[in-house]
Amino acid sequence: MNSKDSWKFCVAPMLDWTDRHCRYFHRQLSRDARLYTEMVTTGALIYGDRPRHLDFNKEEHPVALQLGGSDPKDMAACAKLAQDWGYDEVNINCGCPSERVQKGSFGACLMSEPALVADCIKAMRDAVDIPVTVKHRIGIDKIENYDFVRDFVGTVSEAGTNVFIVHTRNAWLKGLSPKENREIPPLKREFAYQLKKDFPELIFVINGAIQDLGQVEEQLKFVDGVMVGRAAYNTPWLLSDVDDRIYGDSHEPITREKVIEVMTEYLKTVGSDQRAVRAVCRHMHGLLTGLAGAKAWRRTLSDSAAIEHEGSNIFNYAYAKAGWSDIERYWDADDDNFG
């Protein structure tokens with residue numbers, strides 16, 4: 001089992017966002033942050049295209065696979081796939097409130113069945129040596145008392161897991177969209193703090209509306225780790241300070257120019273897959289957030305014509321359009337059809 005520092009700073013699993021291209025980009029900014037895949041269902045792995053769902057770049061380590069499912073046998077089989085594919089961790093989704101997930105009898109609704117989650121943990125722990133962890137909410141619907149989440153953690157931990165990622169809001173299974181579930185139920189971070197007091201031997205990672213590294217440092221006074229979601233995606237440059245400020249890992253600072261250089265080379269490996277090229281561009285929209293020219297950068301990386309015209313040079317071109325380098329190096333001013 002990894003040390004508790006392994007979970008000191010994590011980037012949340014986010015559906016349609018944290019794909020392999022996003023994770024490769026994030027890894028250029030921090031070599032210590034723990035990265036997570038989008039949630040992948042057991043059915044997709046058992047019956048679908050495994051390489052499409054599981055392939056990743058070796059540079060992404062440490063990286064965890066998040067699984068959605070509730071059948072212990074299937075969860076064990078998919079955990080074994082995760083280990084065989086080289087993942088550093090497999091995480092069980094007990095926090096997603098969407099109706100689509102509920103129809104599959106997993107996600108946040110599993111919090112009402114801690115014994116079933118424990119059975120999944122046992123089966124998975126028997127199948128693999130990598131850590132098996134749980135991401136969950138603090139309650140579901142109108143169940144808002146601390147005892148509920150305390151008993152959930154107590155039951156599940158006895159099955160052999162010691163890492164709990166706690167999104168400190170209730171999940172409303174009816175009446176709220178997934179977006180509203182991230183915003184409307186009140187944050188109760190004190191529940192995570194109390195869990196750490198009640199189960200000091202376990203590792204608790206807090207999640208929910210954490211916007212910057214100052215807030216991360218504040219939360220680390222009470223829990224073992226912090227998971228950041230949309231702030232890491234929308235303002236990814238905050239990741240560039242994680243190694244130094246959170247891990248005390250001092251190394252040569254990364255520059256935006258270096259990130260662009262590396263991601264340009266990465267884009268060449270994507271080749272002619274225009275869907276993947278557009279995805280890589282989309283994930284990098286936030287690289288200049290807070291700087292002059294950020295709007296021009298985003299606009300250029302959203303322009304299908306620019307992407308097609310520039311190919312793997314699109315990041316250099318967008319950087320120049322944002323005013324941060326000589327545009328003449330990247331664009332033929334005599335080209336009347338573009339620019």
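Over which residues does pLDDT stay under 50? I checked this before anything else, since I'm working with a predicted model. The stretch is residues 330-339, and the model gives it 18 contacts (heavy atoms within 4.5 Å) beyond four places in sequence. pLDDT is the predictor's confidence in each residue, from 0 to 100. Where it is low, the predicted coordinates should not be read in detail, so I left those contacts alone. For the protein, mean pLDDT is 93, with 94% of residues at 70 or more.

Ground rules for my notes: in this predicted model, local features need pLDDT of at least 70 and side-chain atom pairs count only at 80 or more, while totals for chains, interfaces and linings use all residues. Residues are numbered from 1 along each chain as its sequence is written, and side-chain values use heavy atoms, with hydrogens and water left out.

**Strand 9**

Five of its five residues are buried, meaning under 20% relative accessible area with a 1.4 Å probe, protein chains only. Ile203, Val205 and Asn207 sit on one side, Phe204 and Ile206 on the other. In a regular strand the side chains alternate between the two faces of the sheet.

For neighbours, I found strand 7 (residues 163-167) running parallel to strand 9 through five bridges; pairing takes at least two DSSP bridges. Val166 is opposite Ile206 there. Strand 10 (residues 225-228) is also parallel to strand 9, with three bridges, and Val205 has Gly225 as its partner. With helix 10 (residues 213-219) between them in the unit, strands 9 and 10 make a right-handed β-α-β: with the strands pointing away from the viewer, the path from the first strand over the helix to the second runs clockwise.

**Cysteines**

Why no disulfides? I need two cysteine sulfurs within 2.5 Å, but the sulfur of Cys78 is 11 Å from its closest, in Cys120, so that is too far for a bond.

Methods:
Buried < 20%, exposed > 50% of the residue type's maximum accessible area, 1.4 Å probe, protein only. Helix = DSSP H or I, 4+ residues; strand = E, 2+ residues; numbered from the N terminus.
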